[in-house]
Amino acid sequence: MAYICIRLYHILKDMRRYHPYYIVCFAIAFIAMCLGCSDFIDPQQQAHDLFEQSKQYKKEKDVERQVTTLMQAYDLLPQIDDPALASQICQALGNAYMYREIYDESLAYSREAVNYALQEEPHGKQLSLAYSQLGRTFAECYKADSAQVYFEKALDQTMLLQDTTEIAVGYGQLSVAYRVSKDYAKALEYAKHELDIYLQHGDSSYIPQAYYTIGATYYYLEQLDSAKVCFEKALNTQNIYTIQGSYQALYHINRKLGNLAEAIEYNQLNNTMKDSIANMARDEMLAEMQVKYDNEKLLNQQAKLELNNLRLTLFLTFCIIAIVIIVMVGSRVYRFFKRKLTESRLKLEESERVINLNQQEINRMTHEIAEADNNFNEKANLIIVQNGLLQKQNESLMDYFSNNVPLLKTLKEHPKAIKDWKPIYELTDALQMNFYTRIKNEIPEMTEGALNICCLIRLGFTTKQIATIVGIEAESLTKRKGRIRDEIMNNHPDLFANKMPLDSFVQSF
């Protein structure tokens with residue numbers, strides 16, 4: 001509508017004698033543009049508002065509306081340039097799907113949250129929170145190894161930020177991850193670190209929960225006396241769920257220790273607390289129902305208001321269209337457009353002539369491009385053949401050197417640990433186009449052990465031979481290759497066209 005009015009304004013502007021029409025069309029165009037722009041909202045502000053609204057739905061435990069609102073915000077992410085906000089939205093989606101036990105979706109959004117947080121410079125607290133969310137999702141899937149990796153990354157980030165509270169949370173998360181993997185000794189170590197930080201710097205409200213975590217770990221270690229002490233300290237809290245869990249744990253511990261009187265007492269306290277929690281849950285449910293009713297009432301009122309605004313907009317639009325039609329059907333405007341149409345026809349004929357000439361030029365250029373493509377394909381095929389011959393020649397040379405160079409022949413026939421690696425480095429440079437020197441200069445942070453493995457791979461040693469030479473198991477060597485590859489990818493992403501294995505990278509370097 002605004003476009004039509006503006007075009008009419010420009011056309012009538014040339015008709016200097018029709019000043020009344022000019023003024024009317026200018027006014028119409030201005031009104032139409034105001035109506036067209038009135039509903040514009042900045043995508044970034046809209047995404048932020050939707051994210052804040054989803055928090056309210058989360059408090060109300062309305063998961064469906066929370067996810068729907070977050071998905072609306074997620075759809076706006078390509079239009080905004082705010083990695084922190086994008087990471088928060090993806091984290092919230094990952095968290096929502098995690099609690100709904102839709103783990104594939106949760107992992108996907110949690111990974112996106114990490115990717116967005118990595119785009120933020122410098123890396124801040126948002127990256128730590130993203131790693132924690134991804135770690136919690138893996139822990140929920142009982143993938144303890146992956147959970148530990150991301151919890152450790154989150155802890156490293158919080159240590160860089162020197163946020164004592166978040167560092168304590170990081171230790172607590174690692175404790176849970178190790179407890180899931182049944183490494184109770186490690187779980188206990190990290191849980192104690194968490195408690196120490198809370199005792200020195202943290203909020204006292206977190207201390208009972210830390211004691212609860214340590215008590216649970218002692219319970220799994222069958223150290224019931226220590227577990228009992230920790231659970232008794234965990235009772236010094238206002239969190240009724242922690243209190244109820246502590247009562248239940250103390251009941252089972254005293255029953256195992258043979259303290260039947262205490263076990264009965266704690267069982268009664270546990271049952272009383274369960275009843276209190278049930279009553280509280282019922283009250284919360286009633287409160288949630290009232291909030292939902294109030295929200296639906298408010299939404300209905302908003303819908304009515306929007307309907308009235310829509311009706312008003314439609315009425316104004318109808319009035320504008322009617323005025324435009326009246327202006328356009330004037331006889332003088334008709335004659336003007338007729339003259340313009342004749343001029344347009346002449347311009348169109350001239351344009352067609354130019355198009356025909358351009359088409360001929362395009363056909364000629366297309367023919368030349370086709371010939372160039374044929375020449376390029378022939379040269380590409382020749383290069384492929386030559387590369388194949390060079391590859392075969394290189395393999396033949398490597399077989400020859402492996403069988404005739406004493407050091408290589410001895411190591412391949414009888415692999416053993418090497419103390420002096422200098423001959424290997426020199427041999428690698430001599431046979432493989434200065435491979436050792438090039439990779440050391442290109443990736444200066446690579447450790448000596450990683451350089452040793454890369455040189456042996458380049459010289460054609462098998463995984464089993466390399467494992468024997470460096471003195472580790474073949475399975476450990478495979479994992480170490482993966483770590484070397486990940487370090488190179490993180491520090492030098494430009495060296496990897498895709499996520500290729502370390503062996504392929506070394507041979508192509």
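Buried means under 20% relative accessible area, exposed means over 50%, and partly exposed lies in between (1.4 Å probe, protein chains only). At 39% relative accessibility, Arg 364 therefore counts as partly exposed.

This is a predicted model, in which local features need pLDDT of at least 70, side-chain atom pairs count only at pLDDT 80 or more, and totals for chains, interfaces and linings use all residues. Residues are numbered from 1 along each chain as its sequence is written, and side-chain values use heavy atoms, with hydrogens and water left out.

**Salt bridges**

Side chains of opposite charge can pair when their charged atoms come close. A salt bridge here is a side-chain nitrogen of Lys or Arg within 4 Å of a carboxyl oxygen of Asp or Glu. How many salt bridges does this rule give? The count comes to eleven. Among them are these pairs:

| Pair | N to O distance |
|---|---|
| Lys 125 and Glu 166 | 3.7 Å |
| Glu 262 and Lys 228 | 3.1 Å |
| Arg 364 and Glu 368 | 2.6 Å |

Helices (H or I, at least four residues) are DSSP runs, numbered from the N terminus. Take the pair Lys 125 and Glu 166, joined by a salt bridge. Lys 125 lies in helix H7 (residues 125-140) and Glu 166 in helix H9 (residues 164-180), so the pair ties together parts that are 41 residues apart in sequence. Lys 125 is partly exposed, at 41% relative accessible area. Glu 166 is buried, at 19%.

Glu 262 and Lys 228 also meet in a salt bridge. Glu 262 belongs to helix H14 (residues 260-328) and Lys 228 to helix H12 (residues 224-234), so this pair ties together parts 34 residues apart in sequence. Glu 262 is partly exposed, with 30% relative accessibility. Lys 228 is buried, with 15%.

Where do Arg 364 and Glu 368 lie? Both sit in helix H15 (residues 331-404), four residues apart, about one turn of the helix. Glu 368 is partly exposed, with a relative accessible area of 42%. Glu 361 joins in as well: Glu 361, Arg 364 and Glu 368 are linked in a network of salt bridges.

**Around Gln 91**

Gln 91 is found in helix H5 (residues 83-99). Is Gln 91 buried or exposed? Gln 91 is buried, with a relative accessible area of 11%. Contact means heavy atoms within 4.5 Å. Leaving aside neighbours within four places in sequence, Gln 91 touches Ala 113, Gln 126, Leu 129, Ala 130 and Gln 133.

Technical notes. Helix = DSSP H or I, 4+ residues; strand = E, 2+ residues; numbered from the N terminus.
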